[in-house]
Amino acid sequence: MIEKPIFVIQKHNARSLHYDFRLESNEVLISWAIPKGPSTNPAIKHLAIQTEDHSLEYATFEGIIPEGEYGAGAVLIWDRGPYKNLKNQPIETCLKDGIITVWLEGKKLKGGYALIKTDKRNWLFFKMKDQFANSDRDIVIDEPRSVISGKTIEEL
Ligand code: MN
């Protein structure tokens, strides 16, 4: 069992491939869709579009959403683990203020990550500078597999 609260990143091959970043808070998963996925390079800031909150149970979902349903396509648990809110306020307050900083303890992503709101539902997601920052690799290319099943999105 994983300590709480948790974060999860689901690689989702829907109409277009993206990564859903979700943070547990008050029994829901606050969610963003990140078309280019996470990076370990602090110089790379990727668009993250806030989407609907998901139920906490969704953090364990890996499989195929059938044709005709919303988000149809394969969903793979790309990373998951506990996280810590680095601000001294509830995540909901940070969400309203448009600045979220968290410490991730995933299998792939570790250390500080930030989400900064730019406009409406648009945010920027990026690695903070710490000992886990690495500008010499592309983690979504290097580590495509599920942390649960070991499968790639094509193998689901
Ligand atoms: Mn999605």
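Okay, let's start out at Arg137, which is partly exposed, with a relative accessible area of 29%. For the cut-offs, buried is under 20% relative accessible area, exposed is over 50%, and partly exposed is in between, with a 1.4 Å probe and protein chains only.

Quick housekeeping. This is a predicted model, so local features need pLDDT of at least 70 and side-chain atom pairs count only at pLDDT 80 or more, while totals for chains, interfaces and linings use all residues. Residues are numbered from 1 along each chain as its sequence is written, and side-chain values use heavy atoms, with hydrogens and water left out.

Back to Arg137. Its side chain meets that of Asp142 in a salt bridge, 3.3 Å from N to O; the rule there is a side-chain nitrogen of Lys or Arg within 4 Å of a carboxyl oxygen of Asp or Glu. Asp142 is partly exposed too, at 44%.

How many salt bridges does the rule give? The count comes to six. One of them joins Glu24 and Lys4, with the closest N and O atoms 3.7 Å apart. Glu24 sits in strand S2 and Lys4 in the segment before strand S1 (6-13), so this pair ties together parts 20 residues apart in sequence. Strands here are DSSP runs of E, at least two residues, and helices are runs of H or I, at least four, numbered from the N terminus. Buried or exposed? Glu24 counts as buried at 7%, and Lys4 as exposed at 54%.

Now Lys127. Its salt bridge is with Asp130, at 2.8 Å between the closest N and O atoms, and Lys127 is buried, at 1% relative accessibility. Lys127 also lies over the face of Tyr113, 4.8 Å from the ring centre. To count, NZ of Lys or CZ of Arg must be within 6 Å of the ring centre and within 35 degrees of the ring normal. Lys45 does this with Phe126, at 4.6 Å.

On to the rings. Searching the whole structure gives eight aromatic pairs. Rings of Phe, Tyr and Trp (its six-membered ring) pair if their centres lie within 6.5 Å; planes under 30 degrees apart are stacked, over 60 edge-to-face, and the rest tilted. Why is the Phe21 and Phe125 pair tilted? The planes are at 45°, with the centres 4.8 Å apart, so it lands in that class. Phe21 is in S2 (residues 17-25) and Phe125 in S9 (residues 122-127), so the pair bridges 104 residues of sequence. Phe21 is buried at 0%, and Phe125 at 2%.

What does S9 pair with? S8 (residues 110-119) runs antiparallel to S9 over six bridges, and S4 (residues 46-55) does so over four; pairing takes at least two DSSP bridges. Ala114 stands opposite Phe126 in S9, while Ala48 has Trp123 as its bridge partner there. S8 and S9 make a hairpin with two residues between them, and Lys120 in the turn has a positive phi of about 45°.

Last, the metal. Which protein atoms hold the manganese ion? The donors are His12 (ND1), His18 (NE2) and Asp20 (OD), 2.2 to 2.3 Å from it. Donors are N, O and S atoms within 2.8 Å of the metal (3.2 Å for Na, K and Ca), and water is not among the atoms, so sites may look incomplete. His12 is buried at 9%, as is Asp20 at 6%.
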